[in-house]
Amino acid sequence: MRGVVGLHASFTVSDETIREAGALARQHRVGVHVHVAEDQADVADARRRGYAGPLERLLELDALPPGAIVGTSS
């Protein structure tokens with residue numbers, strides 16, 4: 001059993017924290033767990049920060065190493 005780096009929801013953290021989470025996960029060879037676009041607030045937040053959306057934000061900040069778990073609501 002291995003842990004993952006958990007961010008909760010992407011709109012609750014800064015770009016710096018997202019970058020650091022990705023780096024920490026790669027350093028320990030684990031994934032990142034993050035909820036994405038479960039609420040429109042996440043989409044609005046990403047766009048306010050200059051990204052096309054929350055997933056694009058995570059990708060641009062290199063926060064989704066192999067083993068990442070991206071949760072969304074259905």
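Buried residues account for 39% of the 74 residues in the chain. The model described here is predicted. The chain holds 3 helices and 3 strands, and from the N terminus on its elements follow the order β-α-β-α-α-β. The radius of gyration is 11 Å, close to the 11 Å that the globule rule gives for 74 residues, so the chain is as compact as a globular protein of that length.

**Overall dimensions and contacts**

- Taken along the principal axes, the C-alpha atoms of the chain fill a box of roughly 35 × 25 × 15 Å.
- The chain exposes about 4,500 Å², of which carbon and sulfur atoms supply 52%.
- Of the contacts between residues at least 6 apart in sequence, 70% join residues at least 24 apart.

**The nonpolar core**

- The largest nonpolar core consists of 15 residues.
- Within this core, the residues with the most contacts are Val 5, Leu 7, Ile 18, Ala 25, Val 32, Val 34 and Leu 58.
- Strand S1 (5-9), helix H1 (15-28) and strand S2 (32-35) are the elements that give two or more residues to the core.
- Helix H1 provides the largest share of the core, with 3 residues.
- Ile 18, one of the core residues with the most contacts, touches several residues beyond its neighbours within four places in sequence: Leu 7, Ser 10, Val 13, Arg 57, Leu 58, Leu 61 and Ala 63 are in contact with Ile 18.

**Arg 57 in helix H3**

- Arg 57 is located in helix H3.
- Arg 57 has a relative accessible area of 1%, under the 20% cut-off, and therefore counts as buried.
- Its neighbours within four places in sequence left aside, Arg 57 is in contact with Ser 10, Phe 11, Val 13, Ser 14, Asp 15, Ile 18, Asp 45, Arg 49 and Tyr 51.

- Leu 55 lies in helix H3, which covers residues 54-60.
- The relative accessibility of Leu 55 is 38%, between the limits of 20% and 50%, so Leu 55 counts as partly exposed.
- Together with Leu 59 and Val 70, Leu 55 makes a nonpolar surface patch of about 250 Å².
- Helix H3 thus holds both Leu 55, which is partly exposed at 38% relative accessibility, and Arg 57, which is buried at 1%.

Technical notes
Residues are numbered from 1 along each chain as its sequence is written. This is a predicted model: local features need pLDDT of at least 70, side-chain atom pairs count only at pLDDT 80 or more; totals for chains, interfaces and linings use all residues. Side-chain values use heavy atoms; hydrogens and water are left out. Patches are made of residues with over 30% relative accessible area and no salt bridge: like charges are joined within 9 Å, nonpolar side chains (Val, Leu, Ile, Met, Phe, Trp, Tyr) within 5 Å. Accessible areas come from the Shrake-Rupley method with a 1.4 Å probe; for residues, only the protein chains shown count as cover. A salt bridge is a side-chain nitrogen of Lys or Arg within 4 Å of a carboxyl oxygen of Asp or Glu. Helices (H or I, at least four residues) and strands (E, at least two) are DSSP runs, numbered from the N terminus. Buried means under 20% relative accessible area, exposed over 50%, partly exposed in between (1.4 Å probe, protein chains only). A nonpolar core is a set of buried Ala, Val, Leu, Ile, Met, Phe, Trp, Tyr and Cys residues joined through side-chain atoms within 4.5 Å. Contact means heavy atoms within 4.5 Å. The radius of gyration is taken over C-alpha atoms; the globule rule is 2.2 Å times the number of residues to the power 0.38.
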